[in-house]
Amino acid sequence: DFLVVCDTAVIGRADIAEEEVVADLGNPAVESYGWRDASGRLVAHGYVERVADSEKVVVDVYVRPDHPEPDLGLEVLRFVEERGRAAAVAGDAGGVTFDTGAWRQDRQTQEWLRRSGYETPTSFVRMRIDLPPPDQPVEQPAAPGVRVRRTDMTEDDLRAAHRVDSAAFVEHFGYVPVDLDHYRQRLTEHGPGFTQLWLAEVDGAVAGLLVGSRRFEQEHDAGYVASLATLPSARGRGAGKALLRAYFAAEHAAGRSAVLLHVDVANVTGALAIYESVGMRPIETIDAWVKRVALD
């Protein structure tokens with residue numbers, strides 16, 4: 001309820017599913033803290049997660065919009081940074097790269113980050129496609145040599161997806177390599193049915209993946225593309241578009257009215273143009289903020 005209040009104050013609506021909160025609080029890699037006032041009301045929340053064994057530490061800070069102390073966010077941010085620094089030291093990391101995001105219009109959070117030494121190297125655009133009415137099909141043009149299938153997340157399929165993910169995202173902003181166990185946990189932590197894994201085979205070999213989720217089903221009646229990747233050797237064959245259109249068709253059949261995704265505006269593979277070519281349009285912007293800290 002607290003996070004819904006914070007989201008609504010900035011963007012006019014809730015933007016987080018209850019399943020996400022449950023998964024985050026149950027993730028053993030996550031530390032989550034709350035600040036309460038004298039009456040016991042939750043007034044601030046801080047989140048910190050060291051990603052696998054890397055130097056990347058994800059942090060997030062929320063303060064109730066009607067709280068009278070505007071700099072409470074700085075206190076929360078300093079606290080979660082100390083927790084992230086401690087996790088990195090315990091893991092023998094040589095430094096910490098704190099990573100977070102803030103809505104373009106969230107001036108308060110952006111000011112906390114700026115004052116705390118963060119910089120914003122790129123932004124992520126939320127894109128949307130409105131799906132056709134129930135009685136109209138989603139077009140799925142054939143891509144020669146490409147076959148798309150939704151998986152049951154068998155071990156073989158998870159291994160294939162992990163191979164594609166590991167090879168396709170190396171050049172992307174914020175990429176951190178993770179092992180198969182971490183990748184499996186990330187896909188299954190929300191429980192059965194929350195996440196879908198689609199694979200694309202190009203000339204008979206797995207060369208692309210799409211991870212879909214129910215993240216925005218409740219708030220937006222929309223499916224969500226959490227990840228889309230194609231092996232560099234298979235780019236230009238239409239696998240990415242085929243995956244998107246197959247997912248659009250599946251969400252359309254499930255009764256969803258739209259599909260959303262986020263894309264880095266500095267993406268080196270031209271993903272923004274691919275999404276626009278299948279009918280998606282930009283609707284909102286989230287700025288990425290990072291701060292690098294060396295550890296003695």
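Modeller: One caution before the details is that this is a predicted model. We can begin with helix 3 and what covers its buried residues, which includes strand 1 (30-36), strand 2 (42-50), strand 3 (56-63), strand 4 (95-103), helix 4 (107-115) and strand 11 (281-294).

Biologist: Which residues of helix 3 are buried, then?

Modeller: The buried ones are Leu72, Gly73, Leu74, Val76, Leu77, Val80, Glu81, Gly84 and Ala88.

Biologist: And how far does helix 3 reach from its first C-alpha to its last?

Modeller: Helix 3 covers residues 72-90, which makes 19 residues, and its end-to-end C-alpha reach is 27 Å, close to the 27 Å expected at 1.5 Å a residue. Just after helix 3, Asp92 adopts a positive phi of about 60°.

Biologist: Switching topic, which residues have the most contacts inside the largest nonpolar core?

Modeller: That core has 45 residues, and those with the most contacts inside it are Leu209, Leu244, Phe248, Tyr275 and Met280. Its largest share, eight residues, is supplied by helix 8 (residues 239-253).

Biologist: What does Leu244 touch?

Modeller: If residues up to four places away in sequence are not counted, Leu244 touches Leu210, Val225, Leu228, Leu261, Ile274, Tyr275 and Val278. Apart from this core lies another one, of 24 residues, which includes Val48, Leu74, Val80 and Ala93. Two of those names take us back to helix 3, where Leu74 and Val80 are among the buried residues.

Biologist: Okay, charges next: how many salt bridges does the structure hold?

Modeller: There are 28 salt bridges in the structure. In one of them the side chains of Arg214 and Glu19 meet, at 3.7 Å from N to O. That pair links distant parts of the chain, since Arg214 sits in the loop between strand 8 (205-213) and helix 7 (217-220), while Glu19 belongs to helix 2 (residues 18-26), 195 residues apart.

Biologist: How accessible are Arg214 and Glu19?

Modeller: Arg214 has a relative accessible area of 32% and is partly exposed, and Glu19, at 28%, also counts as partly exposed.

Biologist: What about Glu201, what does it form a salt bridge with?

Modeller: Its partner is Arg147, with the closest N and O atoms 3.1 Å apart. This pair also links distant parts of the chain, with Glu201 in strand 7 (residues 195-202) and Arg147 in strand 6 (residues 146-150), 54 residues apart. Because its relative accessible area is 14%, Glu201 counts as buried, whereas Arg147, at 45%, counts as partly exposed.

Biologist: Which parts does the pair of Glu155 and Arg184 tie together?

Modeller: The side chains of Glu155 and Arg184 meet in a salt bridge of 2.6 Å, N to O. Glu155 lies in helix 5 (residues 155-168) and Arg184 in helix 6 (residues 180-188), so the pair ties together parts that are 29 residues apart in sequence. Glu155 is partly exposed at 33% relative accessibility, and Arg184 is partly exposed at 23%. Separately, salt bridges that share partners join Glu19, Arg214, Glu217, Asp221 and Arg256 into one network.

Biologist: Last topic, what lines the largest cavity?

Modeller: Its lining consists of Val59, Asp60, Val61, Leu77, Thr100, Gly101, Thr109, Trp112 and Leu113, and its volume is about 50 Å³. Strand 3, strand 4 and helix 4 each supply at least two residues of that lining.

Note on methods: Residues are numbered from 1 along each chain as its sequence is written. This is a predicted model: local features need pLDDT of at least 70, side-chain atom pairs count only at pLDDT 80 or more; totals for chains, interfaces and linings use all residues. Side-chain values use heavy atoms; hydrogens and water are left out. Helices (H or I, at least four residues) and strands (E, at least two) are DSSP runs, numbered from the N terminus. The expected span of a helix is 1.5 Å times one less than its number of residues. Buried means under 20% relative accessible area, exposed over 50%, partly exposed in between (1.4 Å probe, protein chains only). Contact means heavy atoms within 4.5 Å. A nonpolar core is a set of buried Ala, Val, Leu, Ile, Met, Phe, Trp, Tyr and Cys residues joined through side-chain atoms within 4.5 Å. A salt bridge is a side-chain nitrogen of Lys or Arg within 4 Å of a carboxyl oxygen of Asp or Glu. On a 1 Å grid over the protein atoms alone, a cavity is a set of points where a 1.4 Å probe fits but cannot get out, and a pocket is an open set with protein on both sides within 12 Å along at least five of seven lines; lining residues have an atom within 4 Å of a point. Grid points are joined across faces, edges and corners, and a volume is the space filled by probe spheres set on the points.
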